[in-house]
Amino acid sequence: MPNNNFPGIGYTTNGRDFNFFQKVSVTATTFGGSSVDGYRPDIIITFPTQGVIFLNEGSGIVEYSFNGNTLHGELDSTKPSVGLAFDNRVVSKVWFRVKSGSSGPIVVSVQAWAK
């Protein structure tokens with residue numbers, strides 16, 4: 001028989017949910033190349049984040065940018081940089097691209113949260 005250790009506590013449905021999760025299949029070799037117009041970000045997190053995690057779930061190297069122009073880092077599936085965590089960094093828009101020499105699609109998991 002199940003126990004009710006927290007009576008009266010149910011789903012949280014009021015207010016804003018400051019949690020984000022999305023998987024992106026990266027195929028383009030240019031930032032914004034997967035979008036209809038060729039410049040839009042791959043993800044938009046609609047709140048200022050306290051923490052963000054990027055995880056390369058495929059094989060190969062994915063590069064990321066926070067402005068769509070500048071390379072800010074990479075997620076290499078063969079190195080410890082397969083995953084990356086940011087603490088206390090406001091992230092709102094992120095572009096991904098497959099690094100030259102790698103082949104897509106490469107799935108990137110993005111999780112974010114705030115207070």
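Is Lys 99 buried, partly exposed or exposed, and what is the relative accessible area of Lys 99? Lys 99 is partly exposed, with a relative accessible area of 28%; buried means under 20%, exposed over 50%, and partly exposed in between (1.4 Å probe, protein chains only).

## Basis of the model

This is a predicted model, in which local features need pLDDT of at least 70 and side-chain atom pairs count only at pLDDT 80 or more, while totals for chains, interfaces and linings use all residues. Residues are numbered from 1 along each chain as its sequence is written, and side-chain values use heavy atoms, with hydrogens and water left out.

## Overall form

The protein chain has 0 helices and 8 strands, in the pattern β-β-β-β-β-β-β-β along the sequence. Helices (H or I, at least four residues) and strands (E, at least two) are DSSP runs, numbered from the N terminus. The radius of gyration of the protein chain is 17 Å, whereas a compact globule of 115 residues would have one near 13 Å. This radius is taken over C-alpha atoms, and the globule rule is 2.2 Å times the number of residues to the power 0.38. The C-alpha trace spans about 55 × 30 × 25 Å along its principal axes.

Of the 115 residues, 34% count as buried. The accessible surface comes to about 7400 Å², and carbon and sulfur atoms make up 52% of that; accessible areas come from the Shrake-Rupley method with a 1.4 Å probe, and for residues only the protein chains shown count as cover. Among contacts with a separation of 6 or more, 75% are between residues 24 or more positions apart, a contact being heavy atoms within 4.5 Å.

An open sheet is formed by 4 strands in the order 2-7-4-5, with antiparallel pairing. Its edge strands, each pairing on one side only, are strand 2 (43-44) and strand 5 (73-76). Two strands pair if DSSP finds at least two bridges between them.

Strand 2 is joined to strand 7 (residues 93-98) by 2 bridges, and Ile 43 has Val 94 as its bridge partner in strand 7. Strand 7 also pairs with strand 4 over 4 bridges; here Glu 63 stands opposite Arg 97. Strand 4 (residues 61-65) pairs with strand 5 over 4 bridges, and Ile 61 stands opposite Asp 76.

## Salt bridges

The whole structure holds 4 salt bridges, each a side-chain nitrogen of Lys or Arg within 4 Å of a carboxyl oxygen of Asp or Glu. One of them joins Glu 63 and Arg 97, with the closest N and O atoms 2.6 Å apart. Glu 63 lies in strand 4 and Arg 97 in strand 7, 34 residues apart. Glu 63 counts as buried at 7% relative accessibility.

Another salt bridge is between Lys 99 and Glu 74 (3.1 Å, N to O). Lys 99 is in the loop between strand 7 and strand 8 and Glu 74 is in strand 5, so the pair ties together parts 25 residues apart in sequence. Glu 74 is partly exposed at 28% relative accessibility.

## Nonpolar surface patch

Ile 53, Leu 55 and Trp 113 form a nonpolar surface patch with about 220 Å² of accessible area together. Patches are made of residues with over 30% relative accessible area and no salt bridge, like charges being joined within 9 Å and nonpolar side chains (Val, Leu, Ile, Met, Phe, Trp, Tyr) within 5 Å. Trp 113 belongs to strand 8 (residues 106-113) and is partly exposed, with a relative accessible area of 31%.
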